[in-house]
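Here are a few notes to read alongside the model. Have it open as you go through them.

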Amino acid sequence: MGTSPKAGAAQEGAAPIHRYYSSQAWIEGAAEDQLALVAGMAGVSAVAAFPDLHPGKCGPVGAAILADRIYPQLIGNDIGCGMSLYALSLPARKLRLDKAAARLRQLESVWDGNARARLAASDLPTGLHGQALGTIGGGNHFCEVQQIDDSTNAGALKAAGLAKGDLVLLVHSGSRSLGMAVFETVLNRFDGLAPESPDGKSYLEAHDQAVRWATLNRALIAERAADALRCEVSLVADAPHNLIEGRGDGFLHRKGAAKADRALVPLAGSRDALSYLLAPCSGRPEALASLAHGAGRKFDRRSMAGRAGDTRSAREKLARTSFGGIVICEDRQLLIEEAPNAYKDPSQVLNDLQSTGLAAPVAALKPLLTYKRAVPQAVESARQDKRRRQIERRGLR
């Protein structure tokens with residue numbers, strides 16, 4: 001591991017590629033080809049690739065790229081997308097999965113809070129895509145209730161206000177329609193943007209807003225979920241993985257690579273696998289202050305047809321997990337595209353991060369209730385239930 005010769009990676013004059021995965025990692029040849037292409041792009045000086053690496057539309061996912069200019073296509077449209085972990089005040093013994101699943105369906109509806117006030121509090125324009133705030137989106141985004149299943153660093157866990165057996169909430173979402181609008185302004189700029197040019201400055205300003213918007217969006221999703229579960233929520237760790245940051249030596253592009261310049265970083269598994277809470281390790285500057293953000297895809301969405309959910313009983317099984325958990329995904333195609341076997345083994349990703357000295361595990365997180373998408377009838381039922389509760393509360397005052 002580290003810098004190593006791989007297929008297609010030895011272009012003359014290309015930037016070095018530092019790989020943080022073993023021969024046991026599932027890495028597609030197409031992803032290696034994309035790494036080589038990125039390493040050969042003008043102005044690129046370093047590339048770091050992680051064990052969740054897989055091919056993306058415009059470049060590798062699971063990589064960090066340092067360049068002297070801005071390449072918006074390496075980040076794509078979901079600017080600021082990331083993983084946020086929150087502590088829940090709900091004791092595990094009080095969680096009733098079926099009832100919680102019914103209430104959590106209200107996440108499909110539009111958030112009815114004060115968007116202007118929340119945007120202003122995040123130093124964002126008060127009219128900035130407020131209609132999309134508090135919503136998860138499609139693809140691999142989710143909101144998941146988890147339980148701390150095991151801990152290998154009780155001290156770090158205690159410092160975060162957590163203990164084994166506690167319930168937490170992992171939220172994966174990004175900048176929704178805002179990120180798409182920003183990306184559409186630079187769709188055809190594959191030659192990169194000079195950071196001091198008008199286009200470069202304009203993009204970076206919009207990009208930075210989208211990153212803050214995405215952080216706010218995850219917080220609102222967590223608040224909505226906590227309201228549905230009738231408990232309180234508090235932030236443990238926030239780790240965006242699609243963004244560009246200016247550094248003294250250039251611009252660091254992260255695509256599916258979590259920011260590792262913080263005390264704790266979540267590593268997401270599939271719907272039927274453990275997730276992990278990691279403590280990043282220092283001393284590997286060539287890793288570009290980044291980590292794997294999750295298990296990473298093993299098979300692309302299109303190729304999942306025929307690999308999972310080909311019968312009604314098979315699809316019903318996808319709505320339950322081997323941990324006894326529930327998956328709320330009432331979109332048949334999305335359920336199949338996001339089936340557990342579409343993803344790599346997160347424990348292998350963790351092993352590679354440990355063996356390369358990039359991170360140490362703090363806790364394993366068991367999935368209990370995963371929300372992805374609900375059908376309109378169930379959403380309306382959940383909204384009516386919320387209205388009844390609000391009326392009941394007013395009557396008790």
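1. Helices α5 and α6 are roughly antiparallel, because their angle is over 145 degrees. In this predicted model, α5 (residues 176-184) and α6 (residues 198-229) pack at about 170°, with axes 9 Å apart. Axes here are lines fitted to C-alpha atoms over the stretch in contact, and angles run from 0 to 180 degrees between N-to-C directions. Helices are DSSP runs (H or I, at least four residues), numbered from the N terminus.

2. α5 passes α6 in a left-handed crossing (the near helix is turned anticlockwise from the far one by less than a right angle). On the α5 side, R176, L178 and V182 make the contact, meaning heavy atoms within 4.5 Å. α6 brings Y203, A206, H207, Q209, A210, W213 and N217.

3. Those contact residues split into six nonpolar, three polar and one charged. Ala, Val, Leu, Ile, Met, Phe, Trp, Tyr, Cys and Pro count as nonpolar, Asp, Glu, Lys and Arg as charged, and the others, Gly among them, as polar.

4. How far apart are the end C-alpha atoms of α6? They are 47 Å apart, which agrees with the 46 Å that its 32 residues should span at 1.5 Å a residue (1.5 Å times one less than the number of residues). Just after α6, R230 has a positive phi of about 60°.

5. A word on the numbers: residues count from 1 along each chain as its sequence is written, and side-chain values use heavy atoms, without hydrogens and water. Local features need pLDDT of at least 70, side-chain atom pairs count only at pLDDT 80 or more, and totals for chains, interfaces and linings use all residues.

Conventions
Helix = DSSP H or I, 4+ residues; strand = E, 2+ residues; numbered from the N terminus. Parallel < 35°, antiparallel > 145°, perpendicular 65-115°, else oblique.
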